[in-house]
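Here is a short tour for anyone meeting this structure for the first time. Have a look at the sequence and the model, then read on.

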Amino acid sequence: MKKIIVFLSVISLLTSCNNDDSEMISIDNPEITLHIPSEFPEVNSFVSLNKPTKYGVELGEKLFSEKRFSTDNTISCSSCHIQSNAFADHNPQAIGIEGRVGLRNAPSLQNLMFMKFYNWDGSKLQLETQPLVPIITHEEMDSSILEVIEKIKDDPAYKDLFQKTFGDESITPERIYKSIAQFEYTLISSNSKYDKVKRNEGESFTTSEAKGYETFQQKCASCHGTELFTDQSFRNIGFPVNTNTNEAGRGRVTGLASDYMSFRVPTLRNIEYTAPYGSFGQFSTLKSVLDYFDNGVLEANNLDPVFKNNGNKIPLTEEEKSNLISFMKTLTDNHFLEN
């Protein structure tokens, strides 16, 4: 009986120690409190499985800027996703190692934790599975995750951060992906002039901005809806077509003719700083996009009804175009772009 009591006491002590270790890790690497606007959509269901933590975000940001992700150590995620451009760049199509030109324009990275699809064609539903795409793509980093791990596994700074984030120094593909996603989940843009006007924080629209907002609600909000300024749908809006044989838009993912050359509706937040516009940078300015809509878009069997039912165009006067651009500039969040 005495032996049993001693045995139970040892088990209790070990359990207590284990609990203390677990608690120590959670205290040392606490979850980050993110300020999520009440008007924003619900977060992606996968976020709850990988909540941003103090060191997870720090590690993810470091990995995001790591040029050793590319086979020749020249390109990182941040090479194409530049903060001052709302984590996009100014190239019509992404530029990878050795100046290789990618298939598509680098999309901006903002409010990703609220998105249901990632990439122009929505090929990824979970942010944690997205980083592998640029790593292995020939036109981008042209590497492999095992090659990346081999390059960084003996780096003291990474050993320290993986230890602080996950409890040991082990560097695995899953941990790399989760850390990058944690950093990207923190990229929330919700402090533009538009947001301040909506929150009654002392800002007000100019006459041009107010008229532009009115036109936006009438002619644009059906696609660029919600506070994300995208309804996250896939649409063929008759933009000039990328003739690269690898391109089919959403059709690459679904295999459906009805999805051919349909792309995810982009957010308009920080749109002032994300030119050029379109899946492969077809338009250099916002004015050229609006002119194209006004003059008439390309015919297609699956052209979106917004255009199909209106003579393949969205009629806009020159004043409406000017006012729309004024309004879209109120979606610029300087705090997001600079901090």
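F239 and F293 are both buried, where buried means under 20% relative accessible area, exposed over 50% and partly exposed in between, with a 1.4 Å probe and protein chains only. This is a predicted model, in which local features need pLDDT of at least 70 and side-chain atom pairs count only at pLDDT 80 or more, while totals for chains, interfaces and linings use all residues. Residues are numbered from 1 along each chain as its sequence is written, and side-chain values use heavy atoms, leaving out hydrogens and water.

**The chain as a whole**

- The protein chain has 14 helices and two strands; helices (H or I, at least four residues) and strands (E, at least two) are DSSP runs numbered from the N terminus.
- The C-alpha trace of the protein chain spans about 90 × 50 × 35 Å along its principal axes.
- Of the 339 residues in the protein chain, 48% are buried.
- Among the contacts in the protein chain with a separation of 6 or more, 67% are between residues 24 or more positions apart; contact means heavy atoms within 4.5 Å.

**Aromatic rings**

- The structure holds 22 aromatic pairs; rings of Phe, Tyr and Trp (its six-membered ring) pair if their centres lie within 6.5 Å, and planes under 30 degrees apart count as stacked, over 60 as edge-to-face and the rest as tilted.
- Y194 and F327 form an edge-to-face pair, with 6.1 Å centre to centre and 85 degrees between the planes.
- That pair links distant parts of the chain, since Y194 is in helix α8 (residues 193-198) and F327 is in helix α13 (residues 318-329), 133 residues apart.
- Both Y194 and F327 are buried.
- The ring centres of F239 and F293 are 5.8 Å apart with their planes at 25 degrees, so this pair is stacked.
- F239 lies in the loop between β1 (234-235) and α10 (251-254) and F293 in helix α11 (residues 286-295), so the pair ties together parts that are 54 residues apart in sequence.
- Ring pairs also join Y194, F205, Y213, F216, F229 and F327 into a cluster.

**Charges over rings**

- The charged end of K62 sits over the ring of Y158, 4.9 Å from its centre; this calls for NZ of Lys or CZ of Arg within 6 Å of the ring centre and within 35 degrees of the ring normal.
- The charged end of R250 sits over the ring of F234, at 4.3 Å from its centre.

**Helices packed together**

- The axes of helix α2 (residues 54-64) and helix α7 (residues 173-185) come within 7 Å and cross at roughly 100 degrees.
- α2 and α7 are therefore roughly perpendicular to each other; angles under 35 degrees count as roughly parallel, over 145 as roughly antiparallel, 65 to 115 as roughly perpendicular and the rest as oblique.
- Residues making this contact include V57, L59 and L63 of α2 and I176, I180 and F183 of α7.
- The axes of helix α5 (residues 145-152) and α7 come within 10 Å and cross at roughly 85 degrees.
- Here the contact is made by I145, I149 and I152 of α5 and P173, I176 and Y177 of α7.

- Q282 lies in the loop between β2 (263-264) and α11.
- Not counting residues up to four places away in sequence, Q282 touches F239, P240 and Y277.
- The C-alpha atoms of Q282 and G251 are separated by 19 Å, and the two residues are 31 residues apart along the chain.

Definitions and conventions:
Axes fitted to C-alpha atoms, helices over the stretch in contact; angles between N-to-C directions.
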